[in-house]
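Please read these points with the structure open beside you.

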Amino acid sequence: MLNLKIKEELKLFKFFVFFILSLSFLIKSVWAEENKFFVDKVVAVVNKEVITWSELYKFMEFNAKDEFKALNPDEKFKYFKAHEEEFLEKLIDTKLQIEEAERYGIFVSDSEIEGAINDIKKKYNLTEEGFIEILKKEGMTLNDYKKMLKEQIIIGRALNSLVRSKIIVTDAEINGYIGAHPELSCDNDGYYVSQIFIKKRENPEELKAKINEIFKRLIQGESFSKVASQMSEDVSARSGGAIGVLKKNEIARELSNLFSKMSVGQISEPMMTEQGVFIFKLDGVCFSKGSQELVNYVRNLLEDEKFKKEYKLWTRGLRQRAYIEIMD
């Protein structure tokens with residue numbers, strides 16, 4: 001009887017939402033024809049909260065990969081439509097995790113959000129106007145950004161408290177992993193790197209078009225090695241862009257700083273040089289044999305592996321207790 005009552009309440013709630021949104025659609029119909037990104041509709045219901053297409057689009061903007069930013073508006077829209085289902089599942093999980101965090105009294109104050117934004121502005125030397133202008137170019141308002149940043153911090157705290165804190169990695173597990181992965185140990189700290197190199201052009205627009213084409217193919221799912229073998233303009237193209245191990249103490253500081261901030265599998269933004277443009281992919285790392293850095297790296301790897309498993313179990317439990325309906 002209780003489940004029937006809840007379902008009836010949800011049906012009435014959904015009817016009310018659809019009624020209000022349909023009135024809104026009539027009022028905004030002319031505007032909607034001019035802006036195909038935000039023709040609003042309900043795409044899902046999560047417990048007693050609805051998710052609209054415009055909310056989903058903003059979520060996709062906020063969470064998209066860095067290389068996505070190189071796409072023009074039409075390409076962005078096509079990319080989002082192709083990945084709409086994937087992002088919707090992530091947004092549903094976000095809603096459920098926020099609810100669970102609130103149930104455990106996990107929250108973020110407005111002053112903390114303001115502090116986080118001020119830190120971002122200081123880091124990139126941005127004025128308030130400059131920061132808002134950047135958000136505007138991304139299709140977001142300051143309030144949109146504050147809301148998503150707040151949710152991101154709340155979820156991070158919830159995951160640390162409810163999931164990550166329960167994970168334990170033993171010394172035996174670390175030693176076993178190091179023994180099974182000899183590529184992680186080397187004479188000196190280094191990075192396994194692949195690259196795409198495009199020679200400098202007299203026409204800057206030609207160079208820009210080439211770079212855009214590379215990132216478009218990468219975003220569409222083509223492997224870095226395939227794109228490098230077909231588009232890179234140096235000898236590494238023959239090996240799919242792979243250039244082997246670069247020792248940390250033998251490369252330029254600029255490259256060392258870049259690779260140290262990248263995660264394995266990550267692709268860098270274009271790096272301009274006098275010869276042309278480099279795009280790097282970090283394929284892996286290695287550390288001096290027996291070093292504490294190697295132990296710490298493997299410990300983090302194993303913690304992340306266990307976290308992913310526990311996270312899946314946690315989110316599965318949240319979904320099993322929730323009412324979720326995805327619209328056709």
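1. Strand E1 (residues 42-46) pairs with E2 in the antiparallel sense, over 4 bridges. Two strands pair if DSSP finds at least two bridges between them. Helices (H or I, at least four residues) and strands (E, at least two) are DSSP runs, numbered from the N terminus. Within this pairing, Ala-44 has Ile-51 of E2 as its bridge partner.

2. This is a predicted model: local features need pLDDT of at least 70, side-chain atom pairs count only at pLDDT 80 or more, and totals for chains, interfaces and linings use all residues. Residues are numbered from 1 along each chain as its sequence is written, and side-chain values use heavy atoms, with hydrogens and water left out.

3. The open sheet has 3 strands, in the order E2-E1-E8, with antiparallel pairing. Strand E2 (49-52) and strand E8 (324-326) are at the edges with a single partner strand each, so one side of each has no neighbour in the sheet. From one strand to the next, the twist averages 20°. Helix H3 (residues 53-63) packs on the sheet and touches E1 and E2; contact means heavy atoms within 4.5 Å. The direction of H3 makes about 70° with that of E2. Axes are lines fitted to C-alpha atoms, for helices over the stretch in contact, and angles run from 0 to 180 degrees between N-to-C directions.

4. Which residues of helix H11 are buried? In H11 (residues 224-231) they are Phe-224, Val-227, Ala-228 and Met-231. Buried means under 20% relative accessible area, exposed over 50%, partly exposed in between (1.4 Å probe, protein chains only). These buried residues pack against strand E4 (190-199), helix H10 (204-219) and strand E7 (276-288).

5. The structure holds 24 salt bridges, each a side-chain nitrogen of Lys or Arg within 4 Å of a carboxyl oxygen of Asp or Glu. One of them joins Lys-58 and Asp-144, with the closest N and O atoms 3.3 Å apart. Lys-58 lies in H3 and Asp-144 in helix H8 (residues 142-162), so the pair ties together parts 86 residues apart in sequence. Lys-58 is partly exposed at 23%; Asp-144 is buried at 16%.

6. Lys-147 and Glu-151 also meet in a salt bridge (3.0 Å, N to O). They are 4 residues apart in helix H8, about one helical turn. Lys-147 is partly exposed at 41%, and Glu-151 is buried at 16%. Salt bridges that share partners join Glu-49, Glu-55, Lys-95, Lys-147 and Glu-151 into one network.
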